[in-house]
Amino acid sequence: MSASRVVYVIGTAAPPVFDWPTLFRLLRERGWKPHPVLSPIAATWCDLDELSTAAGVDVRVELRSPTDSDPWPKADAVLAAPLTFNTINKWAGGHNDTLVLGVLNELMGEGVPIVAAPCAKAALQSHPAYPSNIQVLAGSGVTILEQHDTVFRDEFDRANFDWLRIVEALDRTSKGLPES
């Protein structure tokens with residue numbers, strides 16, 4: 001399998017972002033080259049040097065200057081995991097005030113396959129805007145993974161992801177296969 005498949009990995013401030021090195025290892029094993037983008041808040045939670053080393057490229061957080069060229073190759077796919085309540089709602093509404101949202105909006109508009117793994121508290125999922133915004137994104141071609149299929153709680157009751165299941169969904173989506 002070619003190691004040239006580029007995946008932009010988008011992360012926001014939810015606990016599974018702490019385990020991104022595991023995600024990057026799984027992606028590399030499956031022939032993906034991860035290019036990480038973190039929301040500004042998630043970036044304050046993480047060791048950016050550790051993540052850059054694990055990904056093999058620098059983590060991006062801030063928008064680039066209009067005079068700077070794009071430092072990354074074209075994406076073959078996007079994996080947005082974890083995505084918070086806030087980011088899901090802003091993305092569905094077309095907000096574009098962070099690099100995370102800019103990348104998601106642009107690549108959705110270009111038709112790049114996108115897999116999104118939400119990580120939102122049950123109380124927030126019950127907010128009336130959330131289900132309709134999930135539907136907006138799904139109706140726009142985004143593969144939205146069911147949170148109950150991807151999230152588990154660790155011994156400290158912290159949310160974690162089943163990264164293998166998420167990477168398998170990315171593989172299927174990037175090949176145009178339906179989510180099983």
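The model is predicted: local features need pLDDT of at least 70, side-chain atom pairs count only at pLDDT 80 or more, and totals for chains, interfaces and linings use all residues. Residues are numbered from 1 along each chain as its sequence is written, and side-chain values use heavy atoms, with hydrogens and water left out. The chain holds 9 helices and 7 strands, where helices (H or I, at least four residues) and strands (E, at least two) are DSSP runs numbered from the N terminus. With a radius of gyration of 15 Å, close to the 16 Å that the globule rule gives for 180 residues, the chain is as compact as a globular protein of that length. That radius is taken over C-alpha atoms, and the rule is 2.2 Å times the number of residues to the power 0.38.

**Overall build**

- Along the principal axes, the C-alpha atoms fill a box of roughly 40 × 35 × 35 Å.
- Of the 180 residues, 49% are buried (buried means under 20% relative accessible area, exposed over 50%, partly exposed in between, with a 1.4 Å probe and protein chains only).
- Among contacts (heavy atoms within 4.5 Å) between residues at least 6 apart in sequence, 70% join residues at least 24 apart.

**Charge**

- You will find 15 positive and 22 negative side chains, and the centres of the two sets lie 3 Å apart.
- Lys and Arg count as positive and Asp and Glu as negative, while His and the chain ends are not counted; each charge is placed at NZ of Lys, CZ of Arg, CG of Asp or CD of Glu.

**Helix α7**

- Helix α7 spans residues 129-139, and its buried residues are Tyr130, Asn133, Ile134 and Leu137.
- These residues cover an arc of only 105 degrees around the axis, which puts them on the same side of α7; the arc is that of the directions from the helix axis to the C-beta atoms.
- Gln135 and Gly139, on the other side of α7, are exposed.
- The cover over the buried residues of α7 includes α4 (85-92), α5 (99-109) and β4 (114-118).

**Helix α4**

- In α4, 6 of the 8 residues are buried, so this helix is largely enclosed by the rest of the structure.
- Those buried residues are Phe85, Thr87, Ile88, Asn89, Trp91 and Ala92.
- They pack against β3 (77-83), α5, β4, α6 and α7.
- Just after α4 comes Gly94, with a positive phi of about 80 degrees.
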